[in-house]
Amino acid sequence: MASTIGALGAAEAVLKPFATAINRPQPERLEVNIHPDNLLAAVRALVDESWGYLSAIVGLDRPAQLAAEGMSQPESAIDVLYLFCSGAAVVTLRITLSYSQAVIPTISGIAPTAMLYEWELREMFGVEVVGLRVTGHLILADDWPAGVYPLRKSFTGFNQPVAGAEGA
Amino acid sequence: MTADTNKFVIPIGPQHPALKEPANFEFWVDGEIVTGASVRLGYVHRGIEKGAEARTWTQNLYLMERICGICSHVHATAYTLGVEKLAGVEVPPRANAIRQLMAELERIHSHMLWLGVAAHEGGFDTLFMYSWRDRETVMDLLEKISGNKVHYSANLLGGVKFDITPELAAEVHKGLDFLEERNRFYLKVVTTDETFIGRTRDIGTMTTEKAEFLGAIGPTARASGVARDIRVDAPYLTYDQFPVKVMTHTSGDLHGRFIVRIHETFESIRVIREILDHIPQGDLTTRVPRRIPAGEAVSRVEAPRGELLYFIASNGSEKPERVKVRTPSLCNWSTVLSLAIGLKLADMPMLLSGIDPCFSCNDRSIRLKRGQQDPQVWSWEKLRQYGIEYYR
């Protein structure tokens with residue numbers, strides 16, 4: 001456990017300049033909220049320190065609740081979580097993107113393993129990953145309709161046959 | 001991924017001779033030599049992550065088990081560990097020891113399955129038939145413990161369903177003795193058979209640096225000298241009480257991947273014996289609330305193919321907000337695409353099977369054509385009625 005605490009401490013020191021919030025949800029986890037503009041710098045800092053490896057990128061849809069009458073409607077958001085692991089320590093970089101600004105730069109130039117995860121994120125959540133050089137689908141069918149992102153909460157299946165989709 | 005249009009492209013798959021599971025590869029070649037490669041996944045994508053959001057915490061346990069037919073237990077274990085973490089529940093040590101025991105039996109069956117598949121791809125069908133015949137022993141042990149050969153369904157949220165009685169322990173010991181002897185023979189075969197060595201040595205060699213750069217994990221990485229194993233790096237269940245050694249090899253080639261997996265099988269046999277002899281006493285289950293407190297948890301386990309990561313978010317209700325599964329096969333694809341370059345086309349089947357790819361691991365959704373008149377598409381009601389009639 002001592003090495004885990006040490007690893008988390010080292011990561012915190014590296015990431016502090018980019019953080020808008022830092023917390024420890026579990027003893028082995030450090031979560032750092034960062035602004036999308038700081039993503040590349042933060043990942044670069046971890047990689048330069050040889051701090052662990054990128055283990056996963058997680059998308060998390062957070063549609064806004066309908067506002068009460070008279071209140072302004074908050075905007076729906078997607079959280080993108082970059083999970084880095086070193087031994088038992090897990091560091092999460094959390095980025096919150098509004099639906100209208102769902103754009104992030106690719107980190108695959110710094111962490112090549114990110115490519116497949118970013119591809120999946122783009123396909124499942126409709127987050128645009130700038131600089132990701134792959135096109136087409138990774139796991140969805142070739143005739144999957146454009147603009148339908150299955151892991152967004154608003155997607156609840158195809159009740160109506162999809163126009164133009166083969167076999168529909 | 002896009003291919004270089006100026007090259008001669010050989011498409012392989014989704015149905016193809018190398019693997020019994022679907023993926024599409026494009027190898028572009030110059031004569032016999034591969035100069036580039038791309039992969040297209042998703043042929044068995046079943047939408048399980050989406051499906052999880054519509055099911056209760058308990059129902060999801062059964063869904064997660066069905067992500068993979070080879071490593072069903074380890075998926076359920078990663079899921080339960082995450083949910084238990086969110087619920088703040090402490091599982092009895094005996095239950096955790098039984099989970100570890102099942103996980104290691106599963107590793108033996110998975111590695112022996114792989115040995116057979118890889119031998120088959122190398123044109124060595126005798127080894128394939130031997131290893132699959134002997135693998136029945138470990139499948140039978142799993143069946144004796146759980147009642148099932150494939151989906152043992154040992155986990156519950158908060159514990160396990162089955163106990164290990166002294167009679168069962170004796171049977172497992174007996175089975176392990178046989179498996180150990182057989183695997184010694186396999187180790188001898190893969191390290192001495194000239195033809196086999198010719199197909200594996202110095203093929204698909206990956207240096208330690210390259211393995212780390214490409215993000216390889218599991219036995220594929222360990223065969224390149226990357227000493228990374230979640231069982232040791234971040235012990236879960238009772239892996240601190242019954243530790244395992246990380247098995248590595250320095251050759252980094254296909255041959256090394258055979259040796260590492262066979263050594264891991266020995267290590268699993270050793271640790272199972274230790275668990276059987278020193279299993280903690282106590283309950284098998286503890287109570288887990290129906291609603292899981294809001295929060296997010298990450299759980300990581302070492303599946304037979306490498307690190308398996310679950311990210312679970314709860315909104316405090318009876319159903320999860322999000323279950324993200326990052327499976328090990330996905331991480332190892334980039335190694336294949338990179339290592340293929342410069343090898344002969346004929347080496348591709350063995351290179352592909354060398355990472356022990358698992359497509360249900362990767363994909364997790366299936367595509368159904370929704371033709372109303374199609375007799376091949378049955379409604380749930382119709383299927384259920386058919387089942388009832390059939391067994392009447």
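Read from the N terminus, the elements of chain A follow the order α-β-β-α-β-β-β-β-α-β, which amounts to 3 helices and 7 strands. The structure described here is a predicted model, and its overall scores are an ipTM of 0.91 and a pTM of 0.88.

**Chain A as a whole**

Along its principal axes, the C-alpha trace of chain A spans about 55 × 45 × 25 Å. Of the 168 residues in chain A, 36% are buried. Among the contacts in chain A with a separation of 6 or more, 54% are made by residues 24 or more positions apart.

**The sheet of chain A**

In chain A, 5 strands form an open sheet with mixed pairing, and their order across the sheet is β1-β2-β5-β4-β3. The edges are taken by β1 (19-23) and β3 (53-62) of chain A, and because each has a single partner strand, one side of each is left without a neighbour in the sheet. From one strand to the next, the twist averages 20 degrees.

| Element | Residues |
|---|---|
| β1 of chain A | 19-23 |
| β3 of chain A | 53-62 |

**A helix of chain B**

Helix α12 of chain B covers residues 328-339, and at 1.5 Å a residue its 12 residues should span 16 Å, which agrees with the 18 Å between its end C-alpha atoms. How many of the 12 residues of α12(B) are buried? The number is 9 of the 12, so α12(B) is largely enclosed by the rest of the structure. The buried residues of this helix are B:Pro328, B:Ser329, B:Leu330, B:Cys331, B:Asn332, B:Trp333, B:Thr335, B:Val336 and B:Leu339.

**Confidence in chain B**

The pLDDT of chain B averages 87, and 92% of the residues score at least 70. Over residues 364-373 of chain B, however, the pLDDT is below 50, although this stretch has 22 contacts in the model beyond near neighbours in sequence.

Methods
Residues are numbered from 1 along each chain as its sequence is written. Chains are lettered from A and ligands numbered from 1 in the order in which they are written. This is a predicted model: local features need pLDDT of at least 70, side-chain atom pairs count only at pLDDT 80 or more; totals for chains, interfaces and linings use all residues. pLDDT is the predictor's confidence in each residue, from 0 to 100. Two residues are in contact if their C-beta atoms, placed from the backbone, lie within 7 Å. Helices (H or I, at least four residues) and strands (E, at least two) are DSSP runs, numbered from the N terminus. A residue is buried if 20 or more other C-beta atoms lie within 10 Å of its own, exposed if 12 or fewer, and partly exposed in between; C-beta atoms are placed from the backbone. Two strands pair if DSSP finds at least two bridges between them. Axes are lines fitted to C-alpha atoms, for helices over the stretch in contact, and angles run from 0 to 180 degrees between N-to-C directions. The expected span of a helix is 1.5 Å times one less than its number of residues.
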